[in-house]
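Please look over the sequence and the coordinates below before reading on.

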Amino acid sequence: MASQPIILRASDAVARRQLVSRLSRYLFLGSTLIGVCVLVVLAYDTIATGASRFSFDFITNYPSRFSEKAGVRPGVLGTLWVLAVTVVASIPVAIGTAIWIEEFAPRNRFITIVKINLANLAGVPSIIYGILGLAIFVRFYDMKQSILAGGLTLALMIIPMTVIAAQEAIRQVPPSLRDGALALGATRWQSVRHNVLPNAIPGIMTGIILAVSRAAGETAALIMIGGFTFIRFDPGPPPVNFDALLDSFTVLPIQIYGYTIDSRREFQANASAGIIVLMIGVMTLNLIAAVIRERFRRY
Amino acid sequence: MSVTPESFGGMTEALRKRALGHPGEVLIMALLVSCAAVSLITTALIVGVLVRESATFFQDVSFSEFFLETEWQPLFEPVSFGIWELVAGTLNVTFWALVIAVPLGLATAVYLSEYAHPNTRKLLKPVLEALAGVPTVVYAYFGLTFVTQEVLRPLLGTENVPVFNALAASIMLAVMILPTIASISEDAMSNVPRDLREAAYGLGSTRLEVAIRVVFPAALSGIIASILLAIARVVGETMIVAILAGSTPNMTLNPLSGVQTMTGFMLQVGLGDTQRGTVDYQALFAVGMMLFLITLLFNIAAYFFVRRYREEYE
């Protein structure tokens with residue numbers, strides 16, 4: 001004798017609530033996919049317009065009145081030079097600050113102020129860093145509208161976000177490593193140098209790379225420094241000449257801006273091709289950061 | 001247990017003394033402290049430069065003109081420096097960007113935190129993070145050539161949509177802040193303890209009810225923080241508004257008119273070769289001061305909300 005299966009059915013009100021809940025999933029999913037769609041359309045549109053102009057010549061040519069001959073060479077070289085200055089100037093300061101805050105600073109009101117200050121600096125608009133660089137580096141220190149002034153301005157801009165990422169990485173190192181070193185008689189710096197830093201380096205690297213990729217796309221701050229210029233020479237005669245630091249410059253994002261606001265329609269393809277070059281660089285940096293993060297995920 | 005002054009008391013004191021006896025250790029401490037000083041000096045310099053140059057500006061232009069006039073016309077006669085017209089431009093794009101980005105960002109956060117399968121989440125989060133990594137000049141280009149030309153004009157009629165309009169700027173700003181709102185809110189929602197959800201399910205709530213009535217209120221301080229940070233970013237963003245919204249100051253919240261924002265004006269001055277000492281150059285710093293104060297307000301408010309939600313559940 002087969003037993004009668006018991007069927008539990010939700011009553012009207014409950015059924016309605018459950019239906020609404022089930023449908024809500026698609027509403028939320030749909031909203032999430034809008035962001036994804038924008039990225040896809042953006043990538044497709046850029047490649048569709050820019051692919052025809054994107055070539056090796058485009059990267060190695062100087063700007064020109066003719067859209068087919070124009071290239072982004074000064075922008076690419078300028079970006080590399082400016083970023084080199086930014087990296088050299090910002091990394092030691094950012095790591096030093098993070099170590100001091102996490103490992104050495106006294107826990108009092110002063111450190112709270114330092115932390116609030118950092119959080120705020122990380123949110124200061126880039127154009128404010130631009131006018132700071134204009135007033136301090138370009139005018140006061142008389143560096144003119146140079147690679148050095150641009151690089152130092154971007155360094156000030158990315159230090160706060162790099163510090164915050166480095167702090168996070170240092171906090172992830174288990175306290176037992178520090179305690180062990182200290183118990184064996186290491187000084188505090190020795191424990192930081194040999195136990196904390198080696199374990200925090202992957203996280204710190206990720207933070208630095210993401211900050212540099214932010215700096216690579218920065219436009220407004222460098223326009224304020226005077227990067228919106230027409231350049232037809234390479235910074236510093238090869239191979240490497242440090243006088244180049246005082247040369248005027250432009251960067252890739254500013255060249256893209258120039259092509260974007262150009263009223264001649266054929267230059268739009270150049271803007272797209274420039275964006276392809278810039279995005280390849282930025283996405284490569286982001287990818288490296290993601291790989292490091294996954295590879296060294298330990299604690 | 002970590003070695004902190006609180007936990008180790010006298011022991012740490014002894015260690016610190018020993019460290020200070022070591023000359024190398026003292027040198028390193030001095031280096032680290034000077035690194036940390038850089039950030040404090042940066043803030044001091046920002047404030048110093050803005051105050052000094054604005055002071056010169058206010059010798060030529062009275063406070064009452066700056067804050068009471070309603071017209072911003074620094075380049076043509078009769079010149080007029082009424083900041084509110086620029087503030088209105090910023091308010092316009094900020095308002096419409098939030099109208100678009102807040103619902104979408106929060107819906108994304110709810111989906112990722114409450115609905116998505118862990119694998120889906122693993123797939124979607126990097127895509128959203130990629131949106132955050134796109135340089136804003138790229139968004140500006142996309143807004144000009146695609147959003148205005150291919151979407152807004154066919155949809156609303158070419159005669160209704162000027163080439164430079166606040167709506168295209170707002171849409172691209174919304175895309176820019178979407179990851180900020182989504183990822184910080186998602187973080188806050190994921191941190192809501194499981195017990196709260198399970199108690200609600202046990203009482204017969206559906207998934208939607210748990211998300212809206214339990215998780216959402218519990219994560220509220222994180223959600224507010226994400227929106228405040230997004231506002232600070234929108235107010236300070238330059239390239240998108242400079243390229244898309246135009247350069248005509250306009251006191252309106254109408255999204256279909258061209259406006260100039262505070263940052264838009266600053267970039268306009270930066271593009272020209274304005275000489276130091278001219279009133280335009282000084283106006284740059286006065287507007288910068290206003291911009292700095294507004295973003296400072298939102299950043300500090302966000303800092304305290306973030307700290308509150310961290311304290312609540314971590």
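Into which domains is chain A divided? In this predicted model, chain A is divided into domain 1, residues 11-50, and domain 2, residues 56-295. The C-alpha centres of these two domains of chain A lie 35 Å apart, and the contact that joins them involves 4 residues of domain 1 of chain A and 6 residues of domain 2 of chain A. On the side of domain 1 of chain A that touches domain 2 of chain A, 1 residue is nonpolar, 3 are polar and no residue is charged.

For chain B, the domain assignment gives domain 1 (5-51) and domain 2 (73-313), and the C-alpha centres of these two domains of chain B are separated by 37 Å. The table sets out the separations.

| Domain pair | Separation of C-alpha centres |
|---|---|
| Domain 1 and domain 2 of chain A | 35 Å |
| Domain 1 and domain 2 of chain B | 37 Å |

The contact between the chains takes 75 residues from chain A and 77 residues from chain B. On the side of chain B that touches chain A, helix H3 of chain B (residues 23-60) provides the largest share, with 17 residues. By class, that side of chain B holds 54 nonpolar residues, 17 polar residues and 6 charged residues. As for confidence in the model, the scores are ipTM 0.90 and pTM 0.90, while chain B averages a pLDDT of 88, with 90% of its residues scoring at least 70.

Chain B contains 14 helices and 2 strands. Its radius of gyration is 24 Å, well over the 20 Å that the globule rule gives for 314 residues, so chain B is more spread out than a compact globule. Taken along the principal axes, the C-alpha atoms of chain B fill a box of roughly 70 × 65 × 35 Å. Of the 314 residues of chain B, 48% count as buried, and among the contacts in chain B with a separation of 6 or more, 74% are between residues 24 or more positions apart.

Which residues touch the most other members of the largest nonpolar core? In this core of 198 residues, they are Met172(B), Ile240(B) and Leu244(B). When residues up to four places away in sequence are not counted, Met172(B) touches both Ile240(B) and Leu244(B), together with Tyr139(B), Ala140(B), Phe142(B), Gly143(B) and Val147(B).

Terms used: Residues are numbered from 1 along each chain as its sequence is written. Chains are lettered from A and ligands numbered from 1 in the order in which they are written. This is a predicted model: local features need pLDDT of at least 70, side-chain atom pairs count only at pLDDT 80 or more; totals for chains, interfaces and linings use all residues. Two residues are in contact if their C-beta atoms, placed from the backbone, lie within 7 Å. Helices (H or I, at least four residues) and strands (E, at least two) are DSSP runs, numbered from the N terminus. Ala, Val, Leu, Ile, Met, Phe, Trp, Tyr, Cys and Pro count as nonpolar, Asp, Glu, Lys and Arg as charged, and the others, Gly among them, as polar. Domain bounds come from an automatic or database domain assignment. A nonpolar core is a set of buried Ala, Val, Leu, Ile, Met, Phe, Trp, Tyr and Cys residues joined through C-beta atoms within 7 Å. A residue is buried if 20 or more other C-beta atoms lie within 10 Å of its own, exposed if 12 or fewer, and partly exposed in between; C-beta atoms are placed from the backbone. pLDDT is the predictor's confidence in each residue, from 0 to 100. The radius of gyration is taken over C-alpha atoms; the globule rule is 2.2 Å times the number of residues to the power 0.38.
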